[in-house]
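Me: I'm new to this one and would like to learn how to read it. Could you walk me through it?

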Amino acid sequence: MTDAGVALDAVGLLALIGIPYTLKFLWAPLLDRFELPFLGRRRGWLLLTQLFLTSLIVLLALSDPGLAPLTVGLVALGISFFSATQDVIIDAYRREHLPEKELGIGSSLYTYGYRTGMLFASGGGLMLADSIGFRTTYLTMAALLGACMLVTLMAPEPSAQRPTQPQNWRDTFLDPIRNFLTRPGALWLLLFILLYKLGDSVAGNLTTPFYKALGFSNAEIGATVKIFGFWPLLGGIFLGGLVILRIGIYRSLWWFGLLQMISTAGFIWLNHVGHSITVLATVVSFENAAAGMGTAAFLAFMAALTDKRFTAGQYALLSSIMGLPRVVISAPGGILSEAVGWDGFFLICTLAAIPGLMILWYFRQWRDITDPPGR
């Protein structure tokens with residue numbers, strides 16, 4: 001849209017197309033309750049969603065943002081809606097298909113593929129658009145997604161207990177919440193999900209302004225943080241999955257939470273060293289690896305908490321709560337950093353990890369609902 005000369009204020013409004021990702025829990029229960037008359041409950045919805053996604057991406061490729069920017073914005077919003085829906089279905093599929101002991105490695109590989117896709121679709125897509133144009137780039141993306149439908153057709157349908165038919169529409173949306181809240185310590189579980197990655201999320205929201213305050217150029221930040229730092233993130237995600245497979249979800253949450261806490265404190269070291277590419281690469285690599293391991297364990301933990309009768313609705317709700325620190329609580333971070341300085345800011349972010357770890361320690365019985373016997 002920028003290349004087509006669309007006004008900057010209109011381009012800025014495109015940030016709103018991310019709203020479906022924060023609201024996906026509102027329609028996720030429908031994917032638990034109703035089954036399409038082909039392929040099964042999960043694969044049927046997944047194939048239909050991917051058909052809509054492929055069609056909308058083709059439509060986006062054929063649209064002209066210079067002539068019809070509103071149409072392009074609405075198509076992009078549709079893509080966001082069905083993309084968020086696809087996430088809900090895949091999360092539910094992973095939970096229902098994998099045995100408990102493989103939830104960690106499954107969550108790890110899912111995140112691995114998701115992060116790789118983000119890199120190729122963003123940076124790779126822009127580079128491709130420079131050589132072949134946006135239209136052909138979007139058509140290529142549509143073709144790749146079309147190929148993914150073959151995987152959907154070949155994948156086995158998970159077997160999971162179906163919820164009883166709701167008496168009314170209100171029960172459809174409230175039953176997953178009621179079911180979750182009846183479990184012991186439900187409110188503490190929700191508080192833990194909100195707090196576990198709080199410090200990591202708040203700190204990560206202001207790292208780019210922090211790097212620039214230390215005198216790093218855009219090129220240095222792009223090469224060191226965005227490209228070099230990407231590989232430790234992938235390595236951390238994969239290693240986290242292997243560790244979870246060996247020691248279980250509960251103990252992994254402990255160790256990875258401590259690593260996330262230490263990695264956040266690394267920014268204080270960087271602040272004292274100043275402009276050093278070597279220290280920047282070290283801090284970023286450690287932080288990304290710890291974040292990757294923590295994410296793998298966290299996703300596996302949330303999956304283990306869901307009731308297989310309400311997988312889609314409950315996981316969508318939990319993942320929305322998980323995203324609150326990044327979207328809402330991180331917002332005043334800039335005010336905090338100006339008030340206490342960078343050292344104080346990152347020290348507070350480091351200490352912000354403690355409440356989540358304390359809740360995890362206090363509710364040691366959670367091991368029984370996340371790890372198989374013998375762990």
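**Reading the fold, step by step**

Reply: Let's begin with contacts, meaning heavy atoms within 4.5 Å. In this chain, residues 24 or more positions apart account for 80% of the contacts with a separation of 6 or more. Keep in mind that this is a predicted model: local features need pLDDT of at least 70, side-chain atom pairs count only at pLDDT 80 or more, and totals for chains, interfaces and linings use all residues. Residues are numbered from 1 along each chain as its sequence is written, and side-chain values use heavy atoms, with hydrogens and water left out.

Me: How many helices and strands does the chain have?

Reply: Both are DSSP runs numbered from the N terminus, with helices being H or I of at least four residues and strands being E of at least two. Here you get 19 helices and zero strands.

Me: What percentage of the residues is buried?

Reply: Buried means under 20% relative accessible area, exposed means over 50%, and partly exposed is in between (1.4 Å probe, protein chains only). Of the 375 residues in the chain, 49% are buried. Take T152 in helix α7 (residues 134-154): T152 counts as buried because its relative accessibility is 4%. Beyond its neighbours within four places in sequence, T152 contacts R43, L46, L47 and Q50.

Me: Which residues touch the most other members of the largest nonpolar core?

Reply: In soluble globular proteins, nonpolar side chains tend to be buried together. A nonpolar core is a set of buried Ala, Val, Leu, Ile, Met, Phe, Trp, Tyr and Cys residues joined through side-chain atoms within 4.5 Å. The largest one here has 56 residues, and F192, I193, Y211, L253, L270 and F301 touch the most other members. Helix α15 (residues 277-305) gives the most to this core, with 15 residues.

Me: What kind of aromatic pair do F192 and F298 make?

Reply: A pair of aromatic rings is described by the distance of the centres and the angle of the planes. Rings of Phe, Tyr and Trp (its six-membered ring) pair if their centres lie within 6.5 Å; planes under 30 degrees apart are stacked, over 60 edge-to-face, and the rest tilted. The whole structure has 20 aromatic pairs. F192 and F298 have ring centres 6.2 Å apart and planes at 80°, so this pair is edge-to-face. The pair links distant parts of the chain, with F192 in helix α9 (residues 186-195) and F298 in helix α15, 106 residues apart.
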